[in-house]
Amino acid sequence: MAVFLANVGVNASHTARSPLFGDGSFTLIPIPERMRWRRPMLRLRDLPEIARDAPEALGRIAVHLDPDFRSQIPTYGDNCRRAARAFALRKAMPGDRIVFLARLHPRATPPAFYLVGELVVAEALADVVADPGPGWWDANAHVRRARANGAWDSFWVFRGGPGSGFYERARPFRREEAERLFEPPWNWRPNRSELQTIGSYTRTVRPLRRLPGAE
């Protein structure tokens, strides 16, 4: 079984922040889409359980809800053919796991990275260059966006099986976890913060050498 780490949700370049609450629960705010909202895309106000923890002014913007653990069928999509950051996911097979990393903001301490959920790959819809018609992929953000603007750009969509979903509590991902889960070792430069280093290395989807939490 292979395990991949994917960085998701809003980051330091966005106005919104994904909050981490005192009990370890969290809200993952999806990144905004680059195009204006058109059906069947989602707006932040279409997701009340998320919108309540985001600035009200952002309610009308189109958002990229990915991974989607809100729908009946969990999915995750990425541009595995065109975007170098996602090339590794082309090797994902049924039974493999995609673990999601997010930048979360506690109330009283600085932001940090946390593991927030995972998708257990059941199957993949690969290299989508035309509307595949109705199917388990319908709710995925990449399919919604392509149906809105007609740009079927070879993206991939992964269907999640049992075990897929957000964790009840966010799990810290610090230098200690990075050095245990990755090889070769990362370069921790003295002029960069731990947060900056983790953010830089995880812009690209990376295979892990073991499942987080495993001995």
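Reader: In which sense do S4 and strand S5 (residues 62–64) run, and how many bridges join them?

Author: In this predicted model, local features need pLDDT of at least 70, side-chain atom pairs count only at pLDDT 80 or more, and totals for chains, interfaces and linings use all residues. Residues are numbered from 1 along each chain as its sequence is written, and side-chain values use heavy atoms, with hydrogens and water left out. Strands (E, at least two residues) are DSSP runs numbered from the N terminus, and two of them pair if DSSP finds at least two bridges between them. Within S4 and S5, Arg43 has Ala62 as its bridge partner; the two strands run antiparallel, joined by two bridges.

Reader: With which residue does the side chain of Ser25 make a polar contact?

Author: Ser25 is found in the loop between strand S2 (18–20) and strand S3 (31–32). Leaving aside neighbours within four places in sequence, Ser25 is in contact (heavy atoms within 4.5 Å) with Pro19, Leu20, Glu168 and Arg169. A polar contact is a pair of N or O atoms within 3.5 Å, where within protein one must be able to donate a hydrogen and the other to accept it, and residues adjacent in sequence count only if both atoms are side-chain atoms. At 2.6 Å, the side-chain partner of Ser25 is Asp23.

Reader: Why is strand S9 (residues 155–160) largely enclosed by the rest of the structure?

Author: Strand S6 (residues 75–78) pairs with S9 in the antiparallel sense over four bridges, and Asp78 has Trp156 as its bridge partner. Strand S8 (residues 112–128) is also antiparallel to S9, with five bridges, and Leu125 stands opposite Val157. Buried means under 20% relative accessible area (1.4 Å probe, protein chains only). S9 is largely enclosed because the number of its six residues that are buried is five.

Technical notes. Buried < 20%, exposed > 50% of the residue type's maximum accessible area, 1.4 Å probe, protein only.
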